[in-house]
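Me: I would like to go through the aromatic rings of this model. Could we begin with charges placed over rings?

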Amino acid sequence: MKTSHTLIVKNEPTFAVTVEKIPRPEPKADEVLIRVQWSAVNYKDALALSERGGVLRQYPMTPGIDLAGVIVESRDPQFPEGLPVLVTGFGLGVSHPGGLSEFQAVPTSWLVPLPETMSLREAALIGTAGFTAALALREVVAKTTPEQAVAVTGASGGVGSFAIALLSQLGYQNITGVSRKKDVADQLKKLGATEIIQPEYFITEKPRPLSKQEFHGVIDTVGGDLLAQILPTVYYGGVAALCGNAGGIKLTTTVLPFILRGITLAGIDSVNVPMTQRVQVWQELAQNLHFLQNLPVTEVSLFEVPQIAQALLAGTHSGRTIVRM
């Protein structure tokens, strides 16, 4: 029997996270079997490994919302054996077994052929975090110019780090990273940030519905109170792209930034992006991979994933962690 090392989350008889050697999955008629070479650990994966994370739709489940590997079994001539592919989003690692496994069966409708200029490691390194940052960047670039000020919250995290690097690559000259981690300032400046400020800069006891205009664009990965107090600082006609909720899902604000300054609130979803747009964004990311050069990256094994997940939930993790199979 062919087997596969797989990370499994169970909730019976008690909640547990283990790495087990189990039979390889058998692909269905509309699926292929992928030998996973790289995966990653995202904040969503960390929640999946938490007893009260609220991410997994059933148990037992293999988490991992990213994977990059090679097809080893296929009935679809469009996706032949030997083809390198990547998968992010859809139900991967949430309602469908995910990328934290040596082998995984995945629907063909979720597959993105690996761009020619990109390696499987680079695909996993970018993963959902980089893909999300690229989607947010589209919204910000459409309404700003490289000379204008852009703020990135949760700057030391995966999405935030990518957002800064991608903005810098596009020539943005006034990028403010918002992070409570003082020790990451130098690293964020290497990525392209021109200034690092702490969240407390925005937080006041009596929030004002409109404040001094400081940022033409915002890429927000945090949500909650921080976002509520950044919105009043956005310039007339500016944009805030929302793609995270680490600071909470509630948004307590007023309509004034929207009806008096005409700012745009753009929601970013990286899970159900149509395949045509998905492939296009990945091709854009593959055109110039220099933005990866200064990104802080940690490589771990499957057995080290729970430790990384704990650091993510505790807020002590920074940069990007990828998992080598």
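Reply: A charge sits over a ring if NZ of Lys or CZ of Arg is within 6 Å of the ring centre and within 35 degrees of the ring normal. Please note that this is a predicted model.

Me: Which ring has Arg 24 over its face?

Reply: Arg 24 lies over the face of Phe 103, at 3.7 Å from the ring centre. Likewise, Arg 121 is placed over the face of Trp 38, at 5.8 Å from the ring centre.

Me: Now ring against ring: how many aromatic pairs are there in the whole structure?

Reply: A search of the whole structure gives five aromatic pairs. In one of them, the ring centres of Phe 90 and Trp 110 are 5.5 Å apart and the planes are at 5 degrees, so this pair is stacked.

Me: Where do Phe 90 and Trp 110 lie in the chain?

Reply: Phe 90 is in the loop between β5 (84-88) and β6 (103-107), while Trp 110 is in the loop between β6 and β7 (112-113). The two are 20 residues apart.

Me: Is Trp 110 buried or exposed?

Reply: Trp 110 is buried, because its relative accessible area is 14% and the cut-off for buried is under 20%.

Me: What about Phe 131 and Trp 282?

Reply: Phe 131 and Trp 282 are also a stacked pair, with 5.9 Å from centre to centre and 5 degrees between the planes. Phe 131 belongs to helix α2 (residues 120-143) and Trp 282 to helix α7 (residues 275-287), 151 residues apart. Phe 131 is buried at 0% relative accessibility, and Trp 282 is buried at 0% as well.

Me: Which residues form an aromatic cluster?

Reply: Tyr 201, Phe 202 and Phe 215 form one aromatic cluster.

Definitions and conventions
Residues are numbered from 1 along each chain as its sequence is written. This is a predicted model: local features need pLDDT of at least 70, side-chain atom pairs count only at pLDDT 80 or more; totals for chains, interfaces and linings use all residues. Side-chain values use heavy atoms; hydrogens and water are left out. Rings of Phe, Tyr and Trp (its six-membered ring) pair if their centres lie within 6.5 Å; planes under 30 degrees apart count as stacked, over 60 as edge-to-face and the rest as tilted. Helices (H or I, at least four residues) and strands (E, at least two) are DSSP runs, numbered from the N terminus. Buried means under 20% relative accessible area, exposed over 50%, partly exposed in between (1.4 Å probe, protein chains only).
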